[in-house]
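Hello,

Here is the structure I said I would pass on to you. Have a look at it first, and then read my notes below.

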Amino acid sequence: MKKRVCVLPGDGIGPEIVAEAVKVLDALALPIEYEYALLGGAAIDATGEPYPEATREAARRADAVLLGAVGGPKWDELPRAQRPERGLLGIRKDLGLFANLRPAVLFPELASASALKPEVVSGLDIVIVRELTGDIYFGEPRGIEVRDGERVGFNTMIYRESEIRRIGRVAFETARRRGKKLCSVDKMNVLETTQLWRDVMNELAPEYPDVTLTHMLVDNAAMQLVRAPKQFDVIVTGNMFGDILSDEAAMLTGSIGMLPSASLDEQGKGLYEPCHGSAPDIAGQGVANPLATILSAAMMLRHSFGWEEAAARIERAVRAVLAQGLRTRDIFEPGTRLVGTAEMGEAVVAALR
Ligand code: IPM
Ligand code: MG
């Protein structure tokens with residue numbers, strides 16, 4: 001039985017980097033078939049909507065979704081409901097992709113690309129488990145309205161205990177397969193929503209006696225991530241805090257151009273995308289780093305299809321090209337060899353053998 005992958009190249013550098021990931025998958029000759037569809041600005045241009053019905057159907061039919069990136073200045077003036085980002089939030093919610101795994105791994109070859117001292121980051125290997133379909137991102141009521149003659153903006157931070165429990169379980173399971181340490185991040189000193197978050201995490205802990213659970217307030221967590229990031233193994237947090245902390249964690253590794261992500265539903269179906277955005281400033285120039293997307297494809301093989309050996313082969317090939325000294329512009333340093341998007345993808349294909 002072939003696995004069906006819905007491919008959403010998206011906007012900006014999306015199509016270029018996705019093409020390289022597909023090259024790598026093709027080189028492994030796996031039983032995969034692709035169905036391409038539009039998301040974000042590309043979809044707005046073609047249909048007027050960021051997450052059109054045809055894309056919804058293709059994504060629902062698929063066993064997994066591989067996404068490039070969405071967004072760009074061209075669509076920034078549109079009303080909120082028609083912007084590319086709405087397409088991304090729409091597909092996450094529609095497919096029930098509540099569990100977002102964002103690994104931040106420092107490749108030894110890139111240690112000097114980090115803004116932090118090598119001794120602070122060398123060997124860094126953490127995973128942020130971010131809740132992705134709740135919190136203030138989706139809470140109602142929300143809006144901007146006039147009250148007593150002035151404009152008021154408001155959003156709702158809200159979590160049900162069932163939502164906290166299911167992301168908690170993903171995080172405990174993730175920690176169990178790794179260093180067995182889980183840090184739950186909240187703001188319980190101020191926000192009731194996150195008091196409940198902490199309570200539910202504590203209630204789950206006895207079911208995972210092999211995992212050590214700790215708690216940290218989000219402001220302290222932001223500080224600890226740059227002070228001593230290696231104290232963390234797995235971090236679990238809500239949608240909003242996770243958005244912020246995962247960008248911070250990504251930058252510890254030197255380049256956000258290296259980091260993949262997985263967004264999973266309750267059955268393990270997932271959407272896989274690089275953590276970086278659509279980089280419209282360099283789109284179409286053939287200089288973008290395709291490695292985060294290639295590593296996202298590896299996560300897809302592992303998490304959605306259970307093809308661990310093929311996933312590990314891709315990851316080894318990425319390490320091999322870095323060891324050969326190949327670098328795209330974002331990770332270039334003197335003494336290494338500057339390559340473009342396609343050359344990097346082809347080098348990974350060559351290193352698979
Ligand atoms: C991310 C992005 C998105 C988010 C945006 C583009 C809506 O920043 O995936 O982290 O906030 O979730
Ligand atoms: Mg973000």
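**What I found around the ligand**

Let me start with Tyr137: one of its polar side-chain atoms lies 2.5 Å from an oxygen atom of ligand 1. Please keep in mind as you read that this is a predicted model.

For Arg92, an N or O atom of the side chain is 2.7 Å from an oxygen atom of ligand 1, and for Arg102 a polar side-chain atom lies 2.8 Å from an oxygen atom of ligand 1. On its own, ligand 1 has 320 Å² of accessible area, and the protein covers 74% of that.

Which residues are around ligand 1? They are Glu85, Arg92, Arg102, Arg130, Tyr137 and Asp243. If you are browsing the pockets, the largest pocket is the space taken by ligand 1.

**Aromatic pairs**

How many aromatic pairs does a search of the whole structure find? The search finds 3. One of them joins Tyr159 and Trp197, whose rings are 5.3 Å apart from centre to centre, with 55 degrees between the planes, so the pair counts as tilted. Tyr159 belongs to the loop between β7 (150-154) and α6 (161-176), while Trp197 is in helix α7 (residues 192-204), so this pair ties together parts that are 38 residues apart in sequence.

**Two backbone details**

Some background for this part: most peptide bonds are trans, and most residues other than glycine have a negative phi. Here are two places to look at with that in mind.

The peptide bond from Glu140 to Pro141 is cis, and its omega is near 0 degrees. You will find Pro141 in the loop that runs between β5 (125-131) and β6 (143-147).

The other place is Ala29, a residue other than glycine with a positive phi, near 50 degrees. Ala29 sits in the loop between α1 (14-27) and β2 (32-36).

Best wishes

How values were computed
Residues numbered from 1 in each chain as written. Chains lettered and ligands numbered in written order. Predicted model: local features only at pLDDT ≥ 70, side-chain atom pairs only at ≥ 80, totals over all residues. Heavy atoms only, no water. Near = heavy atom within 4 Å. Polar contact = N/O pair within 3.5 Å; in protein donor to acceptor, adjacent residues only side chain to side chain. Areas by Shrake-Rupley, 256 points an atom, 1.4 Å probe, with all protein chains shown as cover. 1 Å grid on protein atoms, 1.4 Å probe; cavity = no way out; pocket = protein on both sides within 12 Å on 5 of 7 lines; lining within 4 Å. Sits in = over half its atoms within 2 Å of the grid points. Phe/Tyr/Trp six-rings, centres within 6.5 Å; stacked < 30°, edge-to-face > 60°. Helix = DSSP H or I, 4+ residues; strand = E, 2+ residues; numbered from the N terminus.
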